[in-house]
Amino acid sequence: MNPMLGDIKQVADRRARAPADLLLSAALSRGGGPAAGGARRQRRGTTSCGFGAAGARGGRVPQLCPAAAPPGPGRRGLDHGGGQWWRTDGISKITYEAEEKSITFSMGGFSTVALLQDAHLNLPYQAWELYPTGVDEGLFTLTAVFATIQIRIKDNQCMLSSVVVEEEEVLSHITGKWMSPLALRAALKRAGVNIFPAEYSPKYVPVPRKAALAEVKAYEQMALLAAAFARKWNGEAGPEQVVFKVSEHLTAGSAKGNHWSLLMFNGEKVQHLKLTETSEAFSEELEEESEFHSTLYHMVKDSASNTAMDKVERAGCLFTDSVYQLLLATRVLAYS
């Protein structure tokens with residue numbers, strides 16, 4: 001296990017884990033293609049399709065999020081130590097038809113076959129934003145490498161509002177449905193929307209490591225203030241600090257045009273930074289005569305309106321926990 005993610009799991013006290021199959025996104029749909037006989041086997045996070053004879057085979061591809069690199073087949077095989085792994089050797093003549101959502105290929109023997117897709121195509125994030133839209137409601141927007149994902153949050157439920165790829169909305173079969181944060185995470189991963197870093201992700205995504213204490217505490221306090229404040233990621237900080245923008249937000253519309261404060265947090269204290277959104281380079285220089293606080297809550301309370309703080313005080317714990325789960329699962333402060 002990566003030591004960094006191990007620390008985060010310990011601090012966050014979360015038991016949910018991402019599937020351990022590297023690069024595995026989804027499998028060939030059941031019943032697809034001219035497969036004859038053969039046992040179908042279920043593996044965590046996949047739907048495998050067994051083949052009854054060697055040679056060229058094909059199948060319908062599940063509804064996956066379009067990406068720069070098309071998915072490809074992989075077979076289940078043994079390594080020299082007897083362990084089972086997904087392999088791509090022994091497969092040839094691969095043809096992928098994006099419009100028809102079909103894939104054909106040739107194999108030289110019997111094997112369970114799955115559809116493989118790079119799990120890190122959309123990392124690191126290009127931008128993200130979280131702002132309230134009503135009482136115990138919010139909108140979480142992630143701009144990834146190849147897609148923009150919007151997730152609505154209400155109480156303890158989440159709904160995929162839209163997934164936009166090249167100005168086109170996709171994955172209509174899972175949008176508009178309310179479900180728990182955990183169920184939404186599973187649905188997105190099945191559809192090939194990989195926006196949830198795993199324990200091995202730092203090996204494949206060049207991002208600076210963040211101190212577990214600072215990162216997890218930041219997510220907790222951001223969730224606590226989600227009822228009345230908008231947040232964005234901004235700037236580059238060292239491994240011991242996280243930097244983000246905060247703005248009071250009391251309307252249901254977008255936070256665009258708000259006045260933003262840039263804050264730096266290391267898990268023990270929050271401070272105002274002097275730089276602005278238009279600054280040419282990142283600097284840890286602090287705003288003159290600014291005070292520091294031990295929590296984000298007390299920092300924003302100094303300048304927030306009574307209306308905003310009243311909304312924070314009245315926010316439901318289910319909504320706060322849903323926001324926290326999404327922030328912790330996507331790890332926006334570490335992968336932006």
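Analyst: Two strands are said to pair if DSSP finds at least two bridges between them. Please note that the model shown here is predicted.

User: In which sense do strands β8 and β9 pair?

Analyst: Strand β8 (residues 91-97) and strand β9 (residues 102-107) pair in the antiparallel sense, over five bridges. I91 stands opposite M107 of β9. The hairpin has four residues between its strands, and K101 takes a positive phi near 55° there.

User: How should I read the nonpolar cores, and which residues have the most contacts inside the largest one?

Analyst: In soluble globular proteins, nonpolar side chains tend to be buried together. Here the largest nonpolar core has 64 residues, and F140 and F229 have the most contacts inside it. Helix α6 (residues 317-330) supplies the largest share of this core, seven residues. A second, separate core of six residues includes I91, I103, M107 and L115. Beyond its neighbours within four places in sequence, F140 is in contact with residues including W128, I149, L326 and L327.

User: How is the packing of two helices described, and at what angle do α3 and α6 pack?

Analyst: Two packed helices are described by the angle between their axes and the distance between the axes. Helix α3 (residues 212-224) and α6 pack at about 145°, with axes 8 Å apart, and their crossing is right-handed. Among the residues that meet are V216, Y219 and M222 in α3, and T320, V323 and Y324 in α6. The residues of this contact divide into nine nonpolar, one polar and one charged.

Definitions and conventions: Residues numbered from 1 in each chain as written. Predicted model: local features only at pLDDT ≥ 70, side-chain atom pairs only at ≥ 80, totals over all residues. Heavy atoms only, no water. Core = buried A, V, L, I, M, F, W, Y, C linked by side-chain atoms within 4.5 Å. Buried < 20%, exposed > 50% of the residue type's maximum accessible area, 1.4 Å probe, protein only. Contact = heavy atoms within 4.5 Å. Axes fitted to C-alpha atoms, helices over the stretch in contact; angles between N-to-C directions. Left-handed = near helix turned anticlockwise from the far one by under 90°. Nonpolar A, V, L, I, M, F, W, Y, C, P; charged D, E, K, R; others polar.
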